[in-house]
Amino acid sequence: MTQLRKRMLEELQRRNYSPSTIRCYLRVVEDFARYFGKRPDHLTEEHMREYHLHLLHKRKLTPKTVGLHIAALRFFFVKTLRRPYVQVDLPYPRMPERLPTVLSQEEVSQLIDSAKNLLNYTMLMTLYGTGMRRAELIHLKVEDIDSQRMIVHIRQGKRNRDRDVPLTPKLLETLRAYWRWMKPKTYLFPGMVDGWRADKPMTPKCVWTAVHDAAKSAGIKKRVSPHTLRHCFATHLLENGTDLCTIQMLLGHVDLETTSVYLHVSRRHLQAVVNPVETISISKLDTVKRSRRNQKP
């Protein structure tokens, strides 16, 4: 490990960044240096501008991914090299505002029922029944399931925040059947080593594959990912009358504005709107003149 890489690692650790963020930031700076074939501390503002355009136009990365690269490079130049002026030279790209994909409750049932085995079935049930993130799921431990208080403890989630979510009887029944079959020790959903189950967290890709395969088997055409079940959890809670502040707490959102996006996809709230087109007086359809459409002979 070079002194420069070690220094950046220490600066990240001093700020208590998560291990995944540390790995990502170090890899971004490494790719940046490799692109130009020089040490990253020898690169100038013009190199940063060129690389920024390269990410957008040549590699065609999404604005969110480019933003992650910029965050890593800003950290390197501003915090590691102490060059605060770089913040001006590395602007974040404008992020498109998209609504989340949400399945109906019937589609969620089809998705879960299409899981290929009890492991995948239980993971999908847990994602939908708690609204937890994929990274939180793979680090869930057996001891985090509190059947006495009917609570699931989510420890050190995003931004190192703990939270509790309710454990429903149906989810508890599924988890007990799964535990009797899998017999997990520490981690509820253990990973694999050399083709054998090991007492270590499952990889995030395994969770994504489980959801993707179930969606394909269920014939769901929408783009579905593990995070889709989190969106479904929040939206269905809202449609069933749960207030936004409670949903914010269950999801672990810092800002209520983040949670309010589900107002845009909740059928109950959308259908409660009185559309003005329904209140105006217009001609009956059978009285509207028809003209012959021009058609090619």
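A residue counts as buried when its relative accessible area is under 20%.

**Figure 1. Burial and surface of the predicted model.** This is a predicted model. Of its 297 residues, 41% count as buried. The accessible surface comes to about 19200 Å². Carbon and sulfur atoms account for 52% of that surface.

**Figure 2. Overall dimensions of the protein.** Along the principal axes, the C-alpha atoms fill a box of roughly 80 × 60 × 45 Å. The radius of gyration is 25 Å. A compact globule of 297 residues would have a value near 19 Å.

**Figure 3. Helices, strands and contacts.** The protein has 14 helices and five strands. Now take the contacts between residues at least 6 apart in sequence. Of these, 55% join residues at least 24 apart.

**Figure 4. The open sheet of three strands.** The strand order is β1-β2-β3, and the pairing is antiparallel. β1 (145-146) and β3 (163-166) each have a single partner strand, so one side of each is left without a neighbour in the sheet. Both stand at the edges. Strands of a sheet pair through backbone hydrogen bonds.

**Figure 5. Close-up of β1 and β2.** Strand β2 covers residues 151-154. β1 and β2 pair in the antiparallel sense over two bridges. Which residue in β2 is the bridge partner of D146? The partner is I151.

**Figure 6. Positive and negative charges.** The protein has 52 positive and 29 negative charges.

Methods
Residues are numbered from 1 along each chain as its sequence is written. This is a predicted model: local features need pLDDT of at least 70, side-chain atom pairs count only at pLDDT 80 or more; totals for chains, interfaces and linings use all residues. Side-chain values use heavy atoms; hydrogens and water are left out. Helices (H or I, at least four residues) and strands (E, at least two) are DSSP runs, numbered from the N terminus. The radius of gyration is taken over C-alpha atoms; the globule rule is 2.2 Å times the number of residues to the power 0.38. Buried means under 20% relative accessible area, exposed over 50%, partly exposed in between (1.4 Å probe, protein chains only). Contact means heavy atoms within 4.5 Å. Accessible areas come from the Shrake-Rupley method with a 1.4 Å probe; for residues, only the protein chains shown count as cover. Lys and Arg count as positive and Asp and Glu as negative; His and the chain ends are not counted. The place of a charge is taken as NZ of Lys, CZ of Arg, CG of Asp or CD of Glu. Two strands pair if DSSP finds at least two bridges between them.
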